[in-house]
Amino acid sequence: MTTIKPDRRSILKAGAAGAALAALGAPHIANAQAATLKITTWGGKWGEIMKGDLLPAFEREFKCTVSADQAFPFLPKLQASPRGNPIYDVLHANSNEQWKAVEFGIVEPKVDPKNVPNLKDVYPYAINDKIAGVSIFTSGIGLGYRTDKGLGKPTSWKDLADPKLAGQRGGYLIPVNSLGQAHLMMLGQIYGSGMQDLDAAYKALEALKPIKLFDFTGQMEKALLSAEVTMGVIHDSGVYRYEGTPEPVDFALPSEGVLALEQVLTVTPGSKVKELAYAYIDYMLRPDVQKKLAEAVWYSPSNTKVQLDAKYDAKLFNTPEKVARLIQPDWKWYNARKDAIDLRVTRILRG
Amino acid sequence: MADLSAPALSVPAAPVLSPRRPAVSAIAWAVGPALLLFVVFFILPFGVMALLSVLTGNPAIQSGVTFTAQHYERFFEDSLYFEALVATLRIGAITTVASLVIGYPLAHLMARTHSRIGHALLLMAVIAPMLTGIVVRTFAWMTLLQDRGVINTTLLSWGLISSPLKLMYNEFGTIVALVHIYVPFMVLTLTGVIGRIDERLEQAARSLGANRTRTFLEVTLPLSLPGILAGSLLVFALSISAYVTPFLMGGTDVLTLPMLIYQQVGASFNLGFAGALGVVLLAVSLIVIIAYNNVLGRFAGGEKMA
Amino acid sequence: MSARPDAGHIAYLAVNGAIITFLLAPIAIITVFALNPTPYISFPPVGISLRWFEKFFSSPEFMGALWLSLQVAVVVLVLSMVIGGLCALALARGNIPGSRVLTAFFMSPLMLPAILTGLALFQLYLLLDIGRPVWGLIMGHTLVAVPYVLRTTLAVLHNFDRRIEEAAAVHGASPARVFFEVTLPLIRPGVFAGGIFAFIVSFDQFPISLFLVMPQGETLPVVLFNYMKFDLDGAIAAASMVSILMAVSVVVILEKVIGLKSYVKL
């Protein structure tokens, strides 16, 4: 991994600003009057809450405007923009992409707790060395299944290989989907010597054929709902969101552990409004903001202080015990081999 | 534009009448706006991409970038890429032929329908599918063709089949959906041309004793060749660059160059390799198109039809 | 056509009926999806509800995007008819050396997967430091719309007897009169067919727009795609239906006002 040396002066400046801010005890940021914060964010329900509620509130509080890009793909756009004048100040992406961005030197690898006070309250997994920047939410990747097809609740990742599921199991296009990539590593863990045992993973993948592969999780959701697949790899949020509806789908946490699908924020080194960028990350980690989003989209909040309503509390990863079940893939390792893996899995799954 | 139109329109009749040595005529200037558009908004940016394909990085944002052939070498390192190129061209060719076969009768019907209401209804039937949006339309095809889709469910419930037919997650499904998307392009291109064929020519042929088939083969079809040429080129160009449809319909069986390009841009972030794949696809398809143009152009007897 | 009900004619109509069924089948599915209350396509449909249309029409994001897409598509329509029509005339009549290669070259934006075109334009705009203006988006769309007008116009130009123009000129018509009264009506079917394509290509354009839209000014396909990634529900089908209904009403209006068949020979 290439370590990026952050510009010391900007860190000092940001640190000083953070200190000044803390000292004043006021949420206003100096010189932020007409500032614009450029961020990326998700669409869908998440985007509705952000644009309808959370971002306007942030704009009022910090007297700035926020320009939120929801049009994928974010990373190529950031990649194409000049380092000194990046198109985004804060990048919201999944962990695998964030590590790629770190490698390109277009985001800062770490967020200094001095600039983001709420970091002191997050679970260790959200800022450990498997994470670039900070993970503000996570979902658990496990198995979604239909409850009306006579399948028992799956207990292990191995249940996906049940011969009965031939042609009715679902996965992802590994080259483009991080759930598919994480699942491949999980196959190495289950059937081989560990997450990095690619040979075992390839063999296990071969055994999953015939399998239906999807581009993004929304498609897997629909495939489950319409019974096109009866069991598939999916994140908890994609199934829990149908709770309270009559849909015969449920989510199972395999005993070997669930894979973490982290929502990660990083700051770009060339950002002209770094104080505001850090303030935004801090804002996203506030317990009330976290609770709102967590309950809207069934994502597990990173902040330990969040008190969820009972039905969310029962399912999301929000205690140290539950968090311990999350397995975080080593994306730096994976990204370094991505091209070779892409070729290999494409060959395995073809025909 | 204003100063262009004046000379462009003052085409003297006399020189045009001497077909032996065609001098470049003043109307050639009318190519100006298009040329300008292409140079600024296509050649220039595509040049940037082509340049990236022979560099180790992006010189606009990083230093120490050098020239390399690595991205092109990679194309030949694994036969998968070449197979993808072949699959792209094959799918493009099949889609083009199928669109022509399906599009021609409908175009003919439209061109020969004299009732205004009938014509408007046909036009709606052709245009409506074009405006559904490519993604939504592809999802509709998935709903029809997937294992639990409308067709399979119906056939299963009627007891005609015992297990779902493999209608998608393969090249067949991909081509069905592609043809559906591009048939309207074929139809609208052909209608304009067929509509201009004098019906009296067909009637004359019939009154001279030619049957329907012969009239079609010897009168209507040759005269509609320019439309066939134009329509096929459009459909071919469109289907070799299609991404969403093969991605959603092809499952694990179909791999085309545009899919690989999307992967490189959107998930591997390797613009150099994506650029190289783009250059290869564009070069190969230009050769195919120029060859096709020449062959059919000569066949149609129009040396300047292009 | 003297429609004698013989076997050949019946087969002809049957084939066309099958083709139209093929064209319209997915629209039937989309209609069901748009009217079905469940958030996915279910068969048989479980009921009828307008909730997805409500969702579509009550969302400022969808509405803003629809409006922007329409505006952009209209500008692209006009630009590409003018640029493509002129270009076709020049290529067919200008005796330009190598015009065949040039024509193939003008087709190339269609052959390149549009994500590369979009990315390349994005990179260019960044290098020129002009941001992502709406005209930049329009030019990107026009680039991929012009080839349609070019091709369809060339197709009608080929069948068109040049002597008509020459005769008009010989009889003393001014070049402008020749153009407006002879040339233009003759190429109109091609230009209009191309114009329809141009409008649709722009309205449905996704990969180029993906890179060139601004965060607060996204076109409908971009909004729909991003929406779909997270909420794959009937709202996208409702958006589709709205587009189709708009297209149908445009056809009806054009037919009433100018008479499509006689005017554009389409």
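1. Let's start with a term: domain bounds here come from an automatic or database domain assignment. For chain C, that assignment gives domain 1, covering 1-49, and domain 2, covering 59-264. Please keep in mind throughout that this is a predicted model.

2. How far apart do the two domains of chain C sit? Their C-alpha centres lie 28 Å apart. The two do touch: seven residues of domain 1 of chain C and seven residues of domain 2 of chain C take part in the contact. On the domain 1 side, five of the residues are nonpolar and two are polar, with no charged ones.

3. Next, have a look at where chain C meets chain B. Here 98 residues come from chain C and 95 residues from chain B. Which element of chain C gives the most to this side? That would be helix α1 of chain C (residues 7-35), with 14 residues. Sorted by class, the side of chain C that touches chain B has 72 nonpolar, 18 polar and eight charged residues.

4. Chain C also touches chain A, with 21 residues of chain C in contact with 23 residues of chain A. Three elements of chain C give two or more residues to this side: α5 (114-127), α9 (207-212) and α10 (220-230). The largest share, six residues, comes from α10(C). As for the kinds of residue, the side of chain C facing chain A has 14 nonpolar, four polar and three charged.

5. Now for chain B itself. Its secondary structure comes to 15 helices and zero strands. The chain has 306 residues, and 52% of them are buried. If you take the contacts in chain B between residues at least 6 apart in sequence, 68% join residues at least 24 apart.

6. Confidence is highest in helix α5 of chain B (residues 79-112), at a mean of 94, and lowest in helix α1 of chain B (residues 2-9), at 34. Over residues 1-19 of chain B the pLDDT is below 50, though in the model this stretch has 27 contacts beyond near neighbours in sequence. Residues 302-306 of chain B are also below 50, with 17 contacts of that kind in the model.

7. On to a helix pair in chain A. Two packed helices are described by the angle between their axes and the distance between the axes. For helix α2 (residues 44-62) and helix α10 (residues 287-297) of chain A, the axes come within 9 Å and cross at roughly 145°. The crossing of α2(A) and α10(A) is right-handed.

8. Which residues make that contact? From α2(A) they are A:Lys45, A:Trp46, A:Ile49 and A:Leu54, while α10(A) brings A:Val289, A:Lys292, A:Leu293, A:Ala296 and A:Val297. By class, the contact of α2(A) with α10(A) has seven nonpolar residues, no polar ones and two charged.

9. Is A:Asn115 buried or exposed? A:Asn115 counts as buried because 22 other C-beta atoms lie within 10 Å, and the cut-off for buried is 20 or more. Also check A:Glu275: A:Asn115 and A:Glu275 are 160 residues apart in sequence, yet 7.7 Å apart in space, C-alpha to C-alpha.

Conventions. Residues are numbered from 1 along each chain as its sequence is written. Chains are lettered from A and ligands numbered from 1 in the order in which they are written. This is a predicted model: local features need pLDDT of at least 70, side-chain atom pairs count only at pLDDT 80 or more; totals for chains, interfaces and linings use all residues. Helices (H or I, at least four residues) and strands (E, at least two) are DSSP runs, numbered from the N terminus. Ala, Val, Leu, Ile, Met, Phe, Trp, Tyr, Cys and Pro count as nonpolar, Asp, Glu, Lys and Arg as charged, and the others, Gly among them, as polar. A residue is buried if 20 or more other C-beta atoms lie within 10 Å of its own, exposed if 12 or fewer, and partly exposed in between; C-beta atoms are placed from the backbone. Axes are lines fitted to C-alpha atoms, for helices over the stretch in contact, and angles run from 0 to 180 degrees between N-to-C directions. A crossing is left-handed if the near helix is turned anticlockwise from the far one by less than a right angle, and right-handed if clockwise. pLDDT is the predictor's confidence in each residue, from 0 to 100.
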